[in-house]
Each structure stands twice: as C-alpha cells, then as structure tokens.
Amino acid sequence: MSKYLSFDRLFTTALSILAINFSIHAQEKPLPIIDVHVHAMNLDGRPSSTMCPWFLSDMPGADPHGTPPNFLNKACADPLESATSSADYEKQLLEEADRLNVTYVVSGDAKMIHSMKNKRPKRIIPSLAISNSDAMTVSAFRDSLETGFYKVMGEVAPQYQGMSPSDLSLDAYFEVAEELKIPVGIHMGTGGNGMINITNPKYRASLGRPFLLEDLLAKHPKLKIWVMHAGYPMIDEMIALMGANAYVYVDLAGFIWSYPLEEIHAYLQRLVQAGFGKRILYGTDLLVWPGLLKTSIDVIQNANYLSEDQKRDILFHNAIRFFNLNEADFY
Ligand SMILES: [Zn+2]
C-alpha cells in the first residue's frame, strides 16, 4: 500500500512538474505576432513623459487665445512611462518583442533600424519611409530598396504635408515600389486630435479620406497598399474602398491606444462585420512608450466579438499573406 502511495505521489509530482514546465514554456513562447507599425525614434534629449492609454476620451473646449489643450495630461491608475533615451527605447522594444514573440515592421531612424536588425535579424523587417520628394531622389530610393535591406515602403504620410497620397510628386516612388513588389503603408485618417493647432498646421483631416487613394490604385494596379490607421474615423469610405479594390489592407495603429476603447471596438467590429477580417493587420504605432505594445495587443485579445481564428488572422496570418512571408519561419 505504501508503495502505491509513494508511486501515486511520485506520479502526481511528475504531473505537476510537467504542468509547471508546460505553463512556463507557454509563457515564454506565446504565439507569434506581427506588428506592422513600429517607429524607430531618436529620443536623445527629449523630455520623458507618461501617458494614459485611450486618453482622447473627452475633447476640452479650449479657446484659440488661451493655452493649447494638452490631451496627454491625464491621470490614470497605470500610466505608461516613456523610454529615457534612444538606447533605452531600442533595448525595451527588443525585450518586449522577445517577451511577446513579436516581429516588427520598423520605419524611422536608419541607424536604429540597422542596429535592431543586427541584434534580432528575425524580429525586424526594415521599412523605408518617404513622404515628400525633397527627402530622397527617386534613384536613391530605388538604390535603397534594391540593396534588399528594406522590404517595405512606409510610413508614407503625405497628409502631414497637406498632400493627397495621389499627389503626382510621389508617383515615381510608388512606381518603383510597384515594379519591385514592395508593399506600401500609407497614413490615412487620424493624426491625433487638435493636431492642426498643437503640432502640425499643414495637416488636413480631409486629406486622409480613403477615397483619395483611388487614383493612385487605378494608376498602379499591382501596387500592394495597406491603409495605416484604417482611415479612422471614415469607416464608410474605408469599407467602400476595400470593397472596390480587392488588394487593399488596413492596420489598426494609433487609434487602438488613443481613442476611447468603445469607439475602437465599434470601428474594428464594423470592419469585421463588413467582411474584411482577412484584410486587417495588427499595428501599434509603437513609439516613445514601449508599453503600448502589450496594451494594444490586449485590445485584440479582449475583443469578445472576435473568434480565436479572427484574432490570429489580425495578429499574424493576415500579415503573413500580405507581406508574402513564410509562416514556418515564425515557429
Ligand atoms: Zn501614421
């Protein structure tokens, strides 16, 4: 009897060790995620800041002769801390990528993108940003893409320059991307509330209208485009554009952590309800505050109107298809 007991105890102990191992393993290696919207940023010399996700929950009625409204200046239980320097930002971004098993499509500071790519080759997909023709000649742009380091063109953000994405000054760049089969991410829709008064007088809400992409798409039918920020809040135009153009995808970046949660879910649910669950990419608009990654992934994980398959499509499979990646490389 005592033998049985000790065997039984051994067996139970072995089972619990297995269970612990399994849960540790599961914690160490969550299912892979692709974040298509990450910004490598030089933060040196920038003051640090805290932010509360979903801070755009009420719009203060400010006066143009007074101090501009500060939307970030809010209180919450769990504010996110900004990185303290470029090196700290890079370090935290890579640590979060490892912890949450995320691969980033990164644009921005070239030095940081190279450094990140060297440290985590499999976690970084470099993206080349260009928003106006003064930034780089067309031949320099072509050279940069032909080296093979950059796999993506973005974030293209003509809206911040007061330009439409179909503005002809950008056309030659899109032509190169189309020829080289480079996918393109274009900023369309929100740039944050009060943007024109607070940071960027050239910005125009009307230049984020999804329909403004139609001339570009008609001219470059083989160009692979995803609409960053999903044209928020212009859902009807976004759905009409995606319906008429079979290859356009969207990402959820930026508004996923800044607008009220109910509003985010209503927008995402509408996209899925309209039948576009296979054309939504996960994107954070990861900048300054590394904690935004986990915060934003949780928005998808907690969306009770999405099935597990739909969540995995958004977090991973849709990006595999859109960027022509090999799924097996991520396991
Ligand atoms: Zn953007």
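Figure 1. Setting aside neighbours within four places in sequence, Val227 is in contact with Ile186, Met188, Pro210, Met238, Val248 and Val250; two residues are in contact if their C-beta atoms, placed from the backbone, lie within 7 Å. This is a predicted model, in which local features need pLDDT of at least 70 and side-chain atom pairs count only at pLDDT 80 or more, while totals for chains, interfaces and linings use all residues. Residues are numbered from 1 along each chain as its sequence is written. Val227, Val250 and Leu281 have the most contacts inside the largest nonpolar core, which has 82 residues. A nonpolar core here is a set of buried Ala, Val, Leu, Ile, Met, Phe, Trp, Tyr and Cys residues joined through C-beta atoms within 7 Å. A residue is buried if 20 or more other C-beta atoms lie within 10 Å of its own, exposed if 12 or fewer, and partly exposed in between, with C-beta atoms placed from the backbone. In soluble globular proteins, nonpolar side chains tend to be buried together.

Figure 2. Eight strands line up in the order S1-S4-S5-S6-S7-S8-S9-S10, with parallel pairing. The edges are strand S1 (33–40) and strand S10 (280–281), each of which pairs on one side only. Strands (E, at least two residues) and helices (H or I, at least four) are DSSP runs, numbered from the N terminus, and two strands pair if DSSP finds at least two bridges between them.

**Figure 3. Strand S7 between its two partners.** Strand S7 covers residues 184–187, and both of its faces are covered: Val184 and Ile186 on one side, and Gly185 and His187 on the other, are all buried. Strand S6 (residues 152–156) runs parallel to S7 and is joined to it by two bridges; Val156 has Ile186 as its bridge partner in S7. The chain passes from S6 through helix H5 (residues 171–179) to S7 in a right-handed β-α-β crossover. Right-handed here says that, with the strands pointing away from the viewer, the path from the first strand over the helix to the second runs clockwise. Four bridges join S7 to the parallel strand S8 (residues 225–228), where Met228 is the bridge partner of His187.

**Figure 4. Backbone details to look out for.** Most residues other than glycine have a negative phi, and most peptide bonds are trans. Lys181, in the loop between H5 and S7, has a positive phi of about 60° although it is not a glycine. Lys181 is exposed, with 10 other C-beta atoms within 10 Å. Ala230 also has a positive phi, about 50°, but this residue is buried, with 33 other C-beta atoms within 10 Å. Ala230 is found in the loop between S8 and H8, and Pro233 lies in that loop too. A cis peptide bond joins Tyr232 and Pro233, with omega about 5°. Another cis bond links Gly154 to Glu155, with omega about -5°; Glu155 is in strand S6.

**Figure 5. Ile235 in helix H8.** Ile235 belongs to helix H8 (residues 235–244) and is partly exposed, with 17 other C-beta atoms within 10 Å. Apart from neighbours within four places in sequence, Ile235 is in contact with Tyr267 and Arg270.
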